[in-house]
Amino acid sequence: MALSDTDAGSPVPAFKRNFLNSCLSANVLTFGTYTLKSGRKSPYFFNAGSFHSGDLLSAIGTAYAHTIINFLSSNSELPRPNTIFGPAYKGIPLACCTLLELQRIDPVQWGKVEYSFNRKEKKDHGEGGGLVGGSLQGANVLVVDDVITAGTAMRETIEIVKREGGKVVGFVVAVDRMEKMPSTTDDDGVPRPSAMGQIRKEYGVPTASIVTLDDLIELLRMKGDETDMERLKDYRRRYIASD
Ligand SMILES: O=P(O)(O)OC[C@H]1O[C@H](OP(=O)(O)OP(=O)(O)O)[C@H](O)[C@@H]1O
Ligand SMILES: O=C(O)c1cc(=O)[nH]c(=O)[nH]1
C-alpha cells in the first residue's frame, strides 16, 4: 500500500515518502526474514539492485540529489566535492543517476563534477587498472552507496579512495540501518556505536542518509502494518546503536 498525500502531517517529509513509495512498489524494500552480510537475521531488506527501470532510477537519483544538497548546505565547511564515487557493484548506477540529477538541478555547480567507481576484479588488459571514470588524484570525493550495516564496505571504499590519492569528504547512503557494530555478544541489547558513527569518529567523515530505520518504522505505522512494525522495533531494540 502506498503512502498518500493525506499523510502530510507525518514526520516523514514528502521527498522521503516519494522515495519510500518507489521502494515499496518496486520491492526494493521488503519485509520478511533475511540473513545479512554481517550474519544478522533482519526483518527487512533494502535491495538497491531492484531499482532497474528508468522511472525508478529517476526516483532514486532525485532522493540522493536532495539529500546531498541538504547535506552540503548543513555542512558548509566541507570542501565542495569534485567526484561522486559509487563502490562496486550496487553503488555504480547510484553514483551515475545521482550525478545526472544533481547536474539537472544545478548545471553550473555540478556540470563538471565527475563520477568514478572501482572494479571488484582488477583488469590487466585494455586501459587496465582498478578504477573507472574520473581520476581520484587530489579529488574531494563524495561517496554514494546503498546501505550501511557493519561498515565493512564503507571502510574498504575509504581505503580505495585514499590509495588512489583522493579524500573522502562525505558519505551518503539510501538507508542507515542504525545498527551497532557487530561483536561476539551481538544481541546483548547493549548499545554500541553504529558503523556510521564509528566512521564519523575514526575518519572524521560526515555522513547522511535518505532514510533511517526510524523512518521505516514510521512508514509501517502510517501503513497500519502492526506486525512488521513490531518486528522492526524488536530488531531495533536488539541492535540499536548508541549514537
Ligand atoms: O556495511 P556492510 O556490512 O559492509 O554492508 C553493506 C554493504 O553490503 C552490500 O554490498 P556488497 O559488499 O555485498 O557488494 P555489492 O554492491 O556487490 O552487492 C551492500 O550493498 C552494502 O554496500
Ligand atoms: O547488511 C547487508 O548485507 C544488507 C542489508 C540490506 O538491507 N540491504 C543490503 O543490500 N545488504
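These are my notebook entries on a predicted model.

**Entry 1: the sheet**

I started with the strand order. I found 6 strands in an open sheet, ordered E5-E4-E3-E6-E7-E8. The pairing is mixed. Next I asked which strands stand at the edges. They are E5 (129-133) and E8 (207-212). Each has a single partner strand, so one side of each is left without a neighbour in the sheet. Neighbouring strands are turned against each other by 25 degrees on average, with direction ignored.

I then took one pair of strands in detail. E3 (residues 83-85) and E4 (residues 114-123) run parallel and are joined by 3 bridges. Isoleucine 84 stands opposite tyrosine 115 in E4.

**Entry 2: helices on the sheet**

I checked what lies on the strands. H5 lies across E3, E4, E6 and E7 (167-176). H5 runs at about 160 degrees to E6. Helix H6 (residues 195-203) packs on the sheet as well, touching E6, E7 and E8. The direction of H6 makes about 170 degrees with that of E8.

**Entry 3: ligand 1**

I listed the shell around ligand 1. It holds 15 residues. The closest are Tyr89, Lys90, Ala150, Thr152 and Ala153. Which elements give two or more residues to this shell? Strand E6 (140-148) and helix H5 (152-163) do. E6 gives the most, with 4 residues. By class I noted 7 nonpolar, 4 polar and 4 charged residues.

Tyrosine 89 made me look at the backbone. The peptide bond from alanine 88 to tyrosine 89 is cis, with omega near -5 degrees. I placed tyrosine 89 in the loop between E3 and helix H3 (91-105).

**Entry 4: H1 with H2**

I moved on to helix pairs. Helix H1 (residues 14-25) and helix H2 (residues 54-74) pack at an angle of about 150 degrees. Their axes are 10 Å apart. That makes H1 roughly antiparallel to H2, because the angle is over 145 degrees. The crossing is left-handed. On the H1 side, Phe15, Asn18, Phe19 and Ser22 make the contact. On the H2 side, Leu56, Ala59, Ala63 and His66 do. I counted classes here too: 5 nonpolar, 3 polar and no charged residues.

Asparagine 27 has a positive phi of about 55 degrees, although it is not a glycine. Asparagine 27 is in the loop between H1 and strand E1 (29-35).

**Entry 5: H2 with H3**

H2 has another partner to look up. The axes of H2 and H3 come within 8 Å and cross at roughly 70 degrees. H2 is therefore roughly perpendicular to H3. The crossing is right-handed. From H2 I listed Leu57, Ile60, Gly61, Thr62, Tyr64, Ala65 and Ile68. These meet Pro93, Leu94, Cys97, Thr98, Leu100, Glu101, Leu102 and Ile105 in H3. The contact divides into 11 nonpolar, 3 polar and 1 charged.

**Entry 6: H7 with H8**

The last pair is H7 (residues 213-223) and H8 (residues 226-239). Are they roughly parallel or antiparallel? They pack at about 160 degrees, with axes 9 Å apart. H7 and H8 are therefore roughly antiparallel to each other. Their crossing is left-handed. H7 brings Leu213, Leu216, Ile217, Leu220 and Arg221 to the contact. H8 brings Asp228, Met229, Leu232, Lys233 and Arg236. The classes are 6 nonpolar, no polar and 4 charged.

Terms used:
Residues numbered from 1 in each chain as written. Chains lettered and ligands numbered in written order. Predicted model: local features only at pLDDT ≥ 70, side-chain atom pairs only at ≥ 80, totals over all residues. Near = placed C-beta within 6 Å. Nonpolar A, V, L, I, M, F, W, Y, C, P; charged D, E, K, R; others polar. Axes fitted to C-alpha atoms, helices over the stretch in contact; angles between N-to-C directions. Parallel < 35°, antiparallel > 145°, perpendicular 65-115°, else oblique. Left-handed = near helix turned anticlockwise from the far one by under 90°. Contact = placed C-beta atoms within 7 Å. Pairing = 2+ DSSP bridges.
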